[in-house]
Number of protein chains: 8
Amino acid sequence: GYAKIDHHRGLRNGNSEVIYCPGKSLDQITAIFQVLAEKSQNVIATRASRKAYIKIKERIPEAEYFETARIIALWRDKVQTEGIVGVVSAGTADMRVAEEASVTAELMGSRVQRIYDVGVAGIHRLLSNKQLLDSCRVLIVVAGMEGALASVVGGLVSKPIVAVPTDIGYGANFKGVAPLLSMLNSCASGIGVVNINNGFGAGILAHRINLIGEMHENTLS
Amino acid sequence: GYAKIDHHRGLRNGNSEVIYCPGKSLDQITAIFQVLAEKSQNVIATRASRKAYIKIKERIPEAEYFETARIIALWRDKVQTEGIVGVVSAGTADMRVAEEASVTAELMGSRVQRIYDVGVAGIHRLLSNKQLLDSCRVLIVVAGMEGALASVVGGLVSKPIVAVPTDIGYGANFKGVAPLLSMLNSCASGIGVVNINNGFGAGILAHRINLIGEMHENTLS
Amino acid sequence: GYAKIDHHRGLRNGNSEVIYCPGKSLDQITAIFQVLAEKSQNVIATRASRKAYIKIKERIPEAEYFETARIIALWRDKVQTEGIVGVVSAGTADMRVAEEASVTAELMGSRVQRIYDVGVAGIHRLLSNKQLLDSCRVLIVVAGMEGALASVVGGLVSKPIVAVPTDIGYGANFKGVAPLLSMLNSCASGIGVVNINNGFGAGILAHRINLIGEMHENTLS
Amino acid sequence: GYAKIDHHRGLRNGNSEVIYCPGKSLDQITAIFQVLAEKSQNVIATRASRKAYIKIKERIPEAEYFETARIIALWRDKVQTEGIVGVVSAGTADMRVAEEASVTAELMGSRVQRIYDVGVAGIHRLLSNKQLLDSCRVLIVVAGMEGALASVVGGLVSKPIVAVPTDIGYGANFKGVAPLLSMLNSCASGIGVVNINNGFGAGILAHRINLIGEMHENTLS
Amino acid sequence: GYAKIDHHRGLRNGNSEVIYCPGKSLDQITAIFQVLAEKSQNVIATRASRKAYIKIKERIPEAEYFETARIIALWRDKVQTEGIVGVVSAGTADMRVAEEASVTAELMGSRVQRIYDVGVAGIHRLLSNKQLLDSCRVLIVVAGMEGALASVVGGLVSKPIVAVPTDIGYGANFKGVAPLLSMLNSCASGIGVVNINNGFGAGILAHRINLIGEMHENTLS
Amino acid sequence: GYAKIDHHRGLRNGNSEVIYCPGKSLDQITAIFQVLAEKSQNVIATRASRKAYIKIKERIPEAEYFETARIIALWRDKVQTEGIVGVVSAGTADMRVAEEASVTAELMGSRVQRIYDVGVAGIHRLLSNKQLLDSCRVLIVVAGMEGALASVVGGLVSKPIVAVPTDIGYGANFKGVAPLLSMLNSCASGIGVVNINNGFGAGILAHRINLIGEMHENTLS
Amino acid sequence: GYAKIDHHRGLRNGNSEVIYCPGKSLDQITAIFQVLAEKSQNVIATRASRKAYIKIKERIPEAEYFETARIIALWRDKVQTEGIVGVVSAGTADMRVAEEASVTAELMGSRVQRIYDVGVAGIHRLLSNKQLLDSCRVLIVVAGMEGALASVVGGLVSKPIVAVPTDIGYGANFKGVAPLLSMLNSCASGIGVVNINNGFGAGILAHRINLIGEMHENTLS
Amino acid sequence: GYAKIDHHRGLRNGNSEVIYCPGKSLDQITAIFQVLAEKSQNVIATRASRKAYIKIKERIPEAEYFETARIIALWRDKVQTEGIVGVVSAGTADMRVAEEASVTAELMGSRVQRIYDVGVAGIHRLLSNKQLLDSCRVLIVVAGMEGALASVVGGLVSKPIVAVPTDIGYGANFKGVAPLLSMLNSCASGIGVVNINNGFGAGILAHRINLIGEMHENTLS
Ligand SMILES: Nc1ncnc2c1ncn2[C@@H]1O[C@H](COP(=O)(O)O)[C@@H](O)[C@H]1O
Ligand SMILES: Nc1ncnc2c1ncn2[C@@H]1O[C@H](COP(=O)(O)O)[C@@H](O)[C@H]1O
Ligand SMILES: Nc1ncnc2c1ncn2[C@@H]1O[C@H](COP(=O)(O)O)[C@@H](O)[C@H]1O
Ligand SMILES: Nc1ncnc2c1ncn2[C@@H]1O[C@H](COP(=O)(O)O)[C@@H](O)[C@H]1O
Ligand SMILES: [Mg+2]
Ligand SMILES: [Mg+2]
Ligand SMILES: [Mg+2]
Ligand SMILES: [Mg+2]
Ligand SMILES: [Mg+2]
Ligand SMILES: [Mg+2]
Ligand SMILES: [Mg+2]
Ligand SMILES: [Mg+2]
């Protein structure tokens, strides 16, 4: 059920402090994690190395590590939405960012459907997933290179779409600027864009959109 | 009531063809509008001048003009959501884009709450509207200059936010690039950004998010 | 037949001087056109206004005007290739550039198949033209906004593709930079990109590629 | 002969999956290579280190390594076109990219003529190769620094040209942006540009153009 | 008291040579420091590592090291202003730059009030410090990400503000360009901006502004 | 005297609403001006045409127009500081921005010393004004082209400097970006930069800095 | 002879004040011209319209107008160097800038050899002018589009070269940025670059270089 | 004397092949150096490490190393001009580039006058060197940060000036873009700019300008 939703809405709304690891030492990450673990039910550290996880696990054994997503999480109260957040990604190289989005949304409580490796260079992979796309309440589209995937998905469905450009590519890709511009200029309407590689932010936003469906359900029942 | 929602979902989902007027002659705009008015219930032309409206009205008397939003609309079946789309804007100069977003969402069927002229240079104007912000299901934040409003609103509420940078400013504003970057880098999570001045796209996206609450209501009742 | 191909290969190879009209006065354009018309079989002026055409026609009655393509041409020896240059375009606003490409290739002697208004926002328009795409020897893809069309076409066929970004769009489109980057970073291989709005250059390049098929035919027969 | 061309056209058209090595571990590269080697006649890995090659060779002894091109290839059916792809390059520092283009086109089945180290600082080196340039069906021009070579070659021949900017240079070169812009703005017509350092993409495109001559040959004989 | 201010105004006005360490070897830094320590009362080295400090301390035992600020200082005559320089910063990641500003101003002789970790994502942290802000004569605002803090502080007080963008962020942050543009375009007036990460320059400027109040005091008393 | 300074500190601190005219119609400007004139002692409109002034003057005869500064002002209580704001400018073309700064500071109540047309191409013009520079409490430096003037002035004095880049120049000036970068990177310390052409903002900031000297005077006497 | 060279070296060294007309009214230009004509032997106004010339001529009948160069000049003492400044340009559209350079150098006293319309698209036009290039002491190379001409000329001669990028081009030319970068990155050594369209500055610099030969001649004879 | 100038003009004109070391292995550098040392009198390698020098010296004992300039040179015929190339630099951090320019010009045969560490932050250091500046035939100005030094030197002398921006700076310096733009936009005329850090190119160009004075001397005597 969804009964506990009002008790711990802090983190599930994406309001909590989250540790962004780059530029912090292992000691700093561990210390901050421990402090947060004491005052809060749920804690997240993003862009975290396995090394940081090992150090944290020594002190907080319930902490989990999501390798590809590079997320360390301590998640004590687990709930799950009815509605589904679909996470669509283009190539295998985009998977780290896609997983950051998926794991973030899942931790917050969203049911997540992964639809990976469906880049537009082979458009039929995407078309054959049309039904899966339609079963989601909101979609996250993760793509590097030229980021065309967001437009194509936007042309197939009328869901709210959260687009995440990645820095996969080289040369005139300019570390993600090419797909960022592509997504901002999409000929399909209804696409909100987050920063390059910001799978975390996309996960939060999609979860909040997803919650709108859940909340009404609650109100009525 | 919301009974008719399944009958005319085309345009209300933001899937319909919409006329973008810049670069088209008055004759072209009028002709395209007429063709669309015959095959479709509802038609929108954006960035439209009053002149274009007068010419269209001669042939389609029900057409309406929204001056500040610069939108010509022919809207035959009117519905209204329970949920509210809040449209927050910074300065008077941003009002054209804010109105483009508001009118778009309203035409699609969303109830809209305008919260204009609450820029961060006078932060208390925004703080005193906290309750109004909380009454909305999703927020559109429209701001030019440095676009700080999106971050401040994002810090006040846990709603999904659609941020629209405008090209208001000069010099190192680079026609909206400054607020665009600002919004993409917001220290507040849960913000999806659309193209500079794209009030229309923001209106579509916010309406689609808003619909998620309505649909569930329908499913259940 | 293709018998005359060796006699007039100059212009058909795209080597001739072509008049680029912007920044030149009507008098200058007319004078240059006349000089070239005397020493050369075929003359082209690009980005030309109807006014320039009227002035030129007074002196050179055989001159033709291609309104949408904005091309004035004096074309005395007409030939036609077996192979087809396909010109695919996204939106109606891209048509001027698409026509510049089509008319250029046609004047050079290429048979041209126009496949317009098949943007990715409605992907099925493009998919239903798959057979037409397959019947071409080389494809020109013209697109503004985010330029995703080039990648999608590149995913559908294995032909050489010449991609032309247009400056259709606003804000973070940066006058065609967004689709330019998109096309340069395409996840589909085999795409050569020309300058923003350079329909003329695309027409020349596609024609030269198309000629490769013709030349062999000649060599053998 | 060219008899087998219809049997294995997949990879030779440049449609096959190719492994792009940067960002992948040695283990990942080896694993993907092995999977592809089982389901496909021919496999390519680009931007590959010698280390990766040694690991792959242990399991797939027929794999070859092209040191300068940084390509690992397993190529089981070898064919060769009549037509020639010319690969022209400016300086010794551009050779890695030029070789990526040459080896890619050769693996696909194109006969390749290398014309290296003919930069415009010593223009006569290029002029004395005019006949060689004329013997090719399509040219790839690889240049860093200011990329002027593409324009000069474009002024000498009427072949289709695929231009590849490289990131050779410093300061206001901006990692290949200077030659990229140079090539997009070339005063010579008929030049299609690929991404910075994208020798692989240039090889595919040139091969596809080259094939047009071969295919007709087949049709007729 | 402030009696000695006229005797040693050189360094306290920020006119002295300061050692900028990046790109210099430990030996060079030590040598330059020693030379300056002989001819001048006070010496500063910025962006200095602990290693450099240890080496300098061996020869000049009075030298101090400010770890977070990365400043090595030899400060022989200590004075303190009546007026306060407030240093406001957004996140913990901005602290190195904030400390560079604080320590610089303090060494010059300014009384400094640190108001750290009051980013706009939690606006009430800032609002609850309003009184502290009001007690300062001049404010330094240090912020990365989108740099909105400068505008919000500028909307709360009428003090001169020195804004320092930091390079904290990723993707479309472009190493501090996003907050730099944000601060230059602030909708609040009265903000002077220094280079990205330039805590040192901000400290100097704020100290000079602060001195204006002191000097008058001196003149009159 | 300075007695009234506490009574009307609003506008003199630069906190008041100021009308920015570009993008507003004559009617809008006049209407806003009148509203502000009723509720406030002092009103300013910047970037204002003479036409706007004539229309305003019809209704508010005390309104003044500053032609070069393009400022319309209604200023009812006039005070003047002891301290001097020096406004230094490079070329005659920079004078509009310099005057915007000077007039703004003067209206706020600062005594202003203009030192115009002392660009670095003739360095002795600047050196011969050293004494004048020294007599000021704070300096505004206005320069276009390459903006070197800010660095040279910064090397001559130890005052707080507010630097204003202008868009005077062409080509690689990029409408003021060249002097903006120049000023942000100045080798002289103690320079705070405002937006391109933002004479108004510089006037406010310099006035606030200047006030620091006045306030102390008040406190003590 | 060259006897008078020491008497009037001011303007001939390029030190004099020159009027840059854009942004000045006809009245302003005329007034400044008259003032300078009284205190100086020689006066130049650049980027000047024919209208400005007609107005000036009414008062100063000896004033001359150079239509293509857009220069108004009053030149009272005419001398001529032995050495030759060669001015090489690419296309007819570059001629305005080339003439600005040529006329500037000529007015200063340099003998000028124009070598126009020798762009690299037809490289033999340039090669057949090799002897003319060799007869010059210093060369100015003016080119828009991709600016390859500078590199090709630099490869042919060992003279000092002053390169002037022009804004001729469109799209990814970015108003002269493409040839500017091209020239700065030239693979040929010995090229000094001036601002986009700055024919005037190139004329001054080339003249000063040319003078070096003259001066020695004087010293010795 | 200068008698041998016609015999070995190749390298002294700056036409010879020079080895640019970055991106080449020690073995490659050594091999190329040896080949060139056999066929040419004089050889240069730039951006060379001491390690490369040691390896080359083993085989070619006459090779010299210029530590700060990072140049390895084999220079067999030494001549010296009458005229002087002045090399002016701003800060100690710019010295590597300044030395690259000085050593290059010296090797070519130019007499060089170094005027280092005269940045504009202390303008009197530069002014007190006015006589030295006047004794040179041509000046090279090397500066990073905001590059103002070029303009100030340009305002003091009427010599041809070659300006070299360096990448010294951080943040909005953008690795030398700030001084590059500064130098291109200089308000002083007669400045030719080379690429960021291109001391070598500046040395060649200044030497060629210097030679103009020498050659005449030869012609006459
Ligand atoms: N050197 C290269 N440059 C550009 N694209 C490449 C290169 N090598 C491989 N690719 C493309 O990258 C894709 C493979 O990426 P991945 O699956 O990440 O190995 C293929 O579709 C290729 O077309
Ligand atoms: N952290 C810093 N940020 C900006 N400028 C600095 C910094 N530290 C020192 N400087 C300036 O750099 C100059 C010293 O550079 P250097 O001679 O290379 O050590 C001084 O003039 C200082 O004003
Ligand atoms: N010339 C100017 N430059 C920068 N900001 C200005 C200028 N004039 C007015 N402003 C600001 O613009 C705002 C007024 O904008 P508006 O309400 O559109 O008239 C005020 O808050 C002023 O601080
Ligand atoms: N066409 C031009 N391009 C670049 N600089 C110029 C040009 N014409 C004049 N100048 C410079 O502009 C200054 C005159 O500017 P002004 O006083 O505004 O007329 C002189 O110092 C000239 O060196
Ligand atoms: Mg859609
Ligand atoms: Mg929030
Ligand atoms: Mg394909
Ligand atoms: Mg050609
Ligand atoms: Mg304020
Ligand atoms: Mg100073
Ligand atoms: Mg040369
Ligand atoms: Mg000078």
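**Tyrosine pairs across chains**

Okay, so searching the whole structure turns up 16 aromatic pairs over all chains, a pair being rings of Phe, Tyr or Trp (its six-membered ring) with centres within 6.5 Å. Keep in mind that this is a predicted model: local features need pLDDT of at least 70 and side-chain atom pairs pLDDT 80 or more, while totals for chains, interfaces and linings use all residues. Residues count from 1 along each chain as its sequence is written, chains are lettered from A and ligands numbered from 1 in the order written, and side-chain values use heavy atoms, leaving out hydrogens and water.

Take A:Tyr20 and E:Tyr170: ring centres 5.6 Å apart, planes at 15 degrees, so they're stacked (planes under 30 degrees apart; over 60 is edge-to-face, the rest tilted). This one crosses between chains, from strand 1 (residues 19-20) of chain A to the loop between strand 8 (161-165) and helix 8 (177-184) of chain E. Those are DSSP runs numbered from the N terminus, helices being H or I of at least four residues and strands E of at least two.

How buried or exposed are they? A:Tyr20 is partly exposed at 29% relative accessible area, and E:Tyr170 is partly exposed too, at 21%. Buried would be under 20%, exposed over 50%, partly exposed in between (1.4 Å probe, protein chains only).

Next, C:Tyr20 and G:Tyr170 are stacked, 5.6 Å centre to centre with 15 degrees between planes. G:Tyr170 also has the charged end of C:Arg47 over its ring, 4.7 Å from the centre; that needs NZ of Lys or CZ of Arg within 6 Å of the ring centre and within 35 degrees of the ring normal.
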